[in-house]
Amino acid sequence: MKAELVEIILQLCAAQNPSLPRPVLVEQRGEAQLYGRGGPLDSLGLVSLIVEVEAAVEDRFGQSVVLADERALSQHRSPFRTVDALADYIVAMLAERSVPPTP
Amino acid sequence: MHVDFLLERFAAHADADAVIWRGQSCSYRSLLERYRYWWSRLEEQHVRPGSVVSLAADFSPNAITLLLALIERGCIVVPLTTAMAAQKPEFLETAEVEWCVQLDERDEAHWQRTGRQATHALLRRLADPGHPGLVLFSSGSTGRSKAAVHDLRGLLEKFKVPRAARRAIAFLLYDHIGGINTLFYQLSNGGCVVTVPERSPAAVLHAIATHRVDLLPTSPTFLRLILLSRAYEQYDLSSLKLVTYGTEPMPESTLRKFHERFPRVELLQTYGLSELGILRSKSRSSDSLWVRLGGEGFATRIVNGLLEVKAQSAMLGYLNAPSPFTEDGWFRTGDAVEVDGEWLRILGRRSEMINVGGEKVYPAEVESVIQEIPGVEDVVVVGEPNAITGNLVVARVKLAGGETVANFRPRLRAFCAARLPRFKIPQKVELLAESSTGERFKRIRKANP
């Protein structure tokens, strides 16, 4: 699942790159930086990307996720720093969803 | 007494067309006769001065003359139209209506007493001294309809100054301050009100061509519909001299396109509110969104970027909401404006402004750009809360030919990139669930169901 998510995120980054002041270096694959500490995205670029990733996750996995919320922003290590980190964060979120509620 | 100045002008223009209703002309002579009939009828019907009377009608000859007779008698009139039928019970109750009058298809009146007795302090303030009143309901696009109570003597005052007679489409209805304004303007100048069977581009343009109309008072949304429909290709619109537009911010792209299509038609922005009446206005030019507002009886000022107006013709207050006036009588319009000397540019409602990471975005500006993208049939821009930037800009679009959002998104980005700063470019694009055009031809910005 993660590999597929990385692919989806990279594709969306590539599509957005022409309209960004600094492009995401998609050739670095999962290690490509996104937001914060030298990452190319500013907050507007991040918001646009996340909106599209959310839509793509819903299309592909049939689950709606909210990636930008207080929880994401308060993580010790930001889930938005690299493509890998974002993919991991989504995998964890979807896994959490699939655990049946404790009786 | 209250309408004497109108009756004098009716007599002076006795043979002229006063109203075209259902394709039939009615002269001022005929209006005078009808007025006298209704005047005596009110006496027979025991409609006392100060009564609150709802009048469900359109601009038919009897609706117009009964309205005048009610004004002369010192009644408080609540104009209603069938378009707002669903809210009628609520309106009758809020306005404490004592008499309901309904004019039917044949323009015949049906009277009914409601058994209510109006006691609201604002209504008593008019009824006790016998001052004619008017109760207008806001469209309620942002919540419950508010009922504005006017002393009609104030609203009528400005019509005593003679101005050019026009043949005008009655586009804004009987229950709208813009419709009331069109009606009294024409009646006080020997002009003609042309009613239309429906407010579609074809019906309105057909009426303009058939009845040689020279004035179309309308909304930016309707001008956009005219351009989209291309219905203008089928009619001779050479009589049209002036188009006035108001009720919502004009998208720059609509104004430019309309001006290109009709270069000889003067375009004038108007500004009015159910709470204040219509201000006199002057557009800097036909293709300019800059406008000068004011005129006799109106003063304007800008406080924190928002327009405030003080008007002699201002309402007394709302029947169902607290007074919106400052202590010294200024009305806070809630409209954000840009200022250039004496000229103003209306950006939109401050309440509809989208704050994206501290930057201000007004939906009208973004809609104006998106509307120009080929294949976009309709667009509404709204804000949506977002944890990162506070809000994000969402564009809801109707696309031609079944184009998908996924396909459209990169086109939108590329088109907007050259025309808008990045924070104004919608971060999210969705399909528009229903038409953005409301009953009063204003763009409705609300959450998708």
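The model is predicted: local features need pLDDT of at least 70, side-chain atom pairs count only at pLDDT 80 or more, and totals for chains, interfaces and linings use all residues. Residues are numbered from 1 along each chain as its sequence is written, chains are lettered from A in the order in which they are written, and side-chain values use heavy atoms, without hydrogens and water.

**Exercise 1.** Describe the contact between chain B and chain A.

Solution. 
- Count residues in contact (heavy atoms within 4.5 Å). Chain B gives 12 residues and chain A gives 20 residues.
- Take the buried area, the accessible area (1.4 Å probe) lost on putting two parts together, summed over both. About 1,300 Å² is buried, 65% of it on carbon and sulfur atoms.
- B:I388, B:R413 and B:R422 supply 51% of the area that chain B buries against chain A, more than any other three residues.

**Exercise 2.** How many salt bridges join chain B and chain A?

Solution. 
- Apply the rule: a side-chain nitrogen of Lys or Arg within 4 Å of a carboxyl oxygen of Asp or Glu.
- The count is 3 salt bridges.
- One of them pairs B:R422 with A:D42, with the closest N and O atoms 2.6 Å apart.

**Exercise 3.** Is B:Q371 buried or exposed?

Solution. 
- Set the classes: buried is under 20% relative accessible area, exposed over 50%, partly exposed in between (1.4 Å probe, protein chains only).
- B:Q371 has 11% relative accessibility, so this residue counts as buried.
- Not counting residues up to four places away in sequence, B:Q371 touches residues including B:R224, B:P251 and B:R443.
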